[in-house]
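This report describes selected features of one protein model, from single residues to helix packing and overall composition. Please consult the sequence and structure shown below while reading.

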Amino acid sequence: MPAVSKGDGMRGLAVFISDIRNCKSKEAEIKRINKELANIRSKFKGDKALDGYSKKKYVCKLLFIFLLGHDIDFGHMEAVNLLSSNRYTEKQIGYLFISVLVNSNSELIRLINNAIKNDLASRNPIFMGLALHCIANVGSREMAEAFAGEIPKILVAGDTMDSVKQSAALCLLRLYRTSPDLVPMGDWTSRVVHLLNDQHLGVVTAATSLITTLAQKNPEEFKTSVSLAVSRLSRIVTSASTDLQDYTYYFVPAPWLSVKLLRLLQCYPPPEDPAVRGRLTECLETILNKAQEPPKSKKVQHSNAKNAVLFEAISLIIHHDSEPNLLVRACNQLGQFLQHRETNLRYLALESMCTLASSEFSHEAVKTHIETVINALKTERDVSVRQRAVDLLYAMCDRSNAQQIVAEMLNYLETADYSIREEIVLKVAILAEKYAVDYTWYVDTILNLIRIAGDYVSEEVWYRVIQIVINRDDVQGYAAKTVFEALQAPACHENLVKVGGYILGEFGNLIAGDPRSSPLIQFNLLHSKFHLCSVPTRALLLSTYIKFVNLFPEIKTTIQDVLRSDSQLKNADVELQQRAVEYLRLSTIASTDILATVLEEMPPFPERESSILAKLKKKKGPSTVTDLEEIKKERSSDMNGSAEPTPVNASNVSTPSPSADLLGLGAVPLTNSAPAPSSSGSLLVDVFSDSSSVAAPLAPGSEDNFASSSDLASSEVVSEEPADAVHDADELIHKFICKNNGVLFENQLLQIGLKSEFRQNLGRMFIFYGNKTSTQFLNFTPTVICSDELQSSLNLQTKPVDPIVDGGAQVQQVVNIECISDFMDAPILNIQFRYGGTLQNLSVKLPITLNKFFQPTEMSSQDFFQRWKQLSSPKQEVQNIFKAKHPMDTEITKAKIIGFGSALLEEVDPNPANFVGAGIIHTKTIQIGCLLRLEPNLQAQCSVLFQMYRLTLRTSKEAVSQRLCELLSEQF
């Protein structure tokens, strides 16, 4: 950079800054700034032309004022004019002003681009550097469009100076990060790789950053960079600190370049060339050896630079995972850092060892540090380090040390930081299940977990322990005995009551022979907790009581007295009231054989991935919970030459929570593949029969229909617009306004059928996809799409679907629905699949409309018209007079009004030909009363051309009245 002469000192700028600093108040500062702005404005508008120095000075003042937080609305043109100056200081200030104040939408951007092009073409390295810096600082899409093709030419040109090459590489990197689609890959890509051999290490450093980013997106284009990077790294690692004096940092040669080269090598697998691979191994061994040498300086900068290279080398060793000797050495080196006095080093060591623990080569070496890690868990002051220690214990756990690690994590859980308790609970539950040799130990561990941290035990944890107990006959008696003893504590967590209620309801008979746990004592123990529990737990306990009626007939009368009490039969909660009434009636009228059939033990659950593990993967990311046994299987299959891998769909990752099954609500099991009916008619004829086995009743108020986010699978609700047109959207919707079952869509390939049920603000929809061809559908992916506005009004959760649909087969998908508030639009079902190698894509609207959440309300004539008058505001009433689309039929009209959801009120309207209805729209946030009146024009019945209806809707919300009127008008 040229030296600044005395004339460039800009004394006026120094005086102005001094005045601002000497201001005693904010008002004085603003006054001084306004005075200066007025002076600058007059100078810019004056008749006398300003010289370059004056322009530069005033532009600097404007820049300073802007940096103080004041708006600047003039001076931009003067800054652009400075770009054409041949003086460095003036051009520099112009570029600085533009980089800070000019946005990409400015009208001056074309003038700026022209000035930049002139500087890039000037071949003056100083001017080229300023132009490249400006492009990188602004980094807009317009800049990328203008210069993305020019900068690579500058970068690889043979006559470009080193300083300009550095700037060009970093400028191109900036443009690629902001607009990757505008940076063309071409001949320059092969030439830029050779910059790794450049004599100037600054150029190599900048080029390495660029190549690393490009290689992540285009690995094949930059594959040749591996050998060059290894060669350059070898020269740096083996050089003495005196060889690279300009790039040696506290006795560490070129640490930043070394780190970048090691990071570049992590974009690729181990080199195939034995010579390159051997040279890289030597480099890594040298780095590990240097870490053992005594420090050449006591300053922290030396150790930081040295450790930065070391940790990046260890990351590369872990990434390659192919050299057992290096992996073990890296583990031993990290083990030394576990007791280092520097907190950051301990954190990084624990984090790196978590990854090492997943390698079969270094897993045993990591396990040797178990005592040090446990000690860190107990004594470490920093919570983030303790969390990494928990992660490492989880990663190093296997059958040989599982009980020790689980015990230590349980001990730590009692004093653990609240922010990491839930994660520890999940990991303890997973380890206890995964490495349980004796399932009595597993039951003890989970109950202990609930006792210590019950508030952090998610539903997935107690669901899972119940699944395992039901599936294993050898542990059922022990589980019943253990939960019975745990429930005798004066204070029990509610999750323990849930587990106890469920297990005793299923297996209480296994301990009933002991006088200390007789049927009556079991019942009294559970019922003593009843009044302390929430509504869902009380509902579960009522199910346990009716199970007791079947298991222990001798206490049937006692249980019936409880069910018959006013607190149950007249409970304010509709769920508890309904269960009490139904269970009491069942116990009264059903014979012993019927009771034994209805209330038999739960069958074993199908084997599937643990929902706890799925939740941990969702919380931490799949890469952080890698299973060592899975890695070994993958490695052995690769070595043995496995067949082509089966495609894995995301729906296989997360298993739906079995909450509905566990609480006895009879959720429908997922049917992955059902054979097609023999009839040549509709594939879905059997779906729409009245068989109760297809759709289980929906319990009102049940939380089980809305599982946690970890229960969702591949068919998630997303907020976006579908790519293609929606097939006959309104016509399909109108077909389902007054009915819940039928064929939604059908073409020559696919048939989509629906069966749905709604109660209050909850609903459940079963979607049946039928393959009408004899060829498999592959990558079958249904997605429910909601607009942003609709997402705030409807809560939709979908169950997974098998990605392969065999020819002539049918798969089923369950959609749980919760209405949060009133809504106008309907969600869209987008389906993509491959048929015969061709991607098929179609979208249909799902008939989830506001009237589905209607609950009919019976009213007398007096009550109806009294309420009708109360809703007489113009904003509450919507009326529509329309021509009849179908012949007028009284019975069909009645059926449609009932199907719409409202109650049909007979003999309410003075005119017997009119139809009157009433109901309540239920949402989670509000209940909206609704009255409707349909008046047919009977005098015109002789002529179809003049048949008319007048429909009047009155509700407490104008938007609801309008929407319901639109929906119902289409039905007549």
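## Residue G52

G52 counts as partly exposed, because its relative accessibility is 24%; buried means under 20% relative accessible area, exposed over 50%, and partly exposed in between (1.4 Å probe, protein chains only). G52 lies in helix α3, residues 52-67. Helices (H or I, at least four residues) and strands (E, at least two) are DSSP runs numbered from the N terminus.

Leaving aside neighbours within four places in sequence, G52 is in contact with L82 and E90, where contact means heavy atoms within 4.5 Å. G52 and L82 are 30 residues apart in sequence, and their C-alpha atoms are 7.1 Å apart in space.

## Basis of the model

This is a predicted model, in which local features need pLDDT of at least 70 and side-chain atom pairs count only at pLDDT 80 or more, whereas totals for chains, interfaces and linings use all residues. Residues are numbered from 1 along each chain as its sequence is written, and side-chain values use heavy atoms, with hydrogens and water left out.

## Residue Q751

Q751 belongs to strand β5, residues 750-759. With a relative accessible area of 1%, Q751 is buried. The side chain of Q751 makes a polar contact with the side chain of E746 at 3.2 Å. A polar contact is a pair of N or O atoms within 3.5 Å; within protein, one must be able to donate a hydrogen and the other to accept it, and residues adjacent in sequence count only if both atoms are side-chain atoms.

## Buried side of helix α28

In helix α28 (residues 519-527), the buried residues are P519, Q522, F523, L525 and L526. They are on the same side of α28 because they cover an arc of only 160° around the axis, the arc being that of the directions from the helix axis to the C-beta atoms. Their cover includes α26 (473-487), α27 (494-507), α29 (535-551) and α30 (556-564).

## Overall composition

The protein has 41 helices and 17 strands. Of its 972 residues, 52% are buried. Among contacts between residues at least 6 apart in sequence, 71% join residues at least 24 apart.
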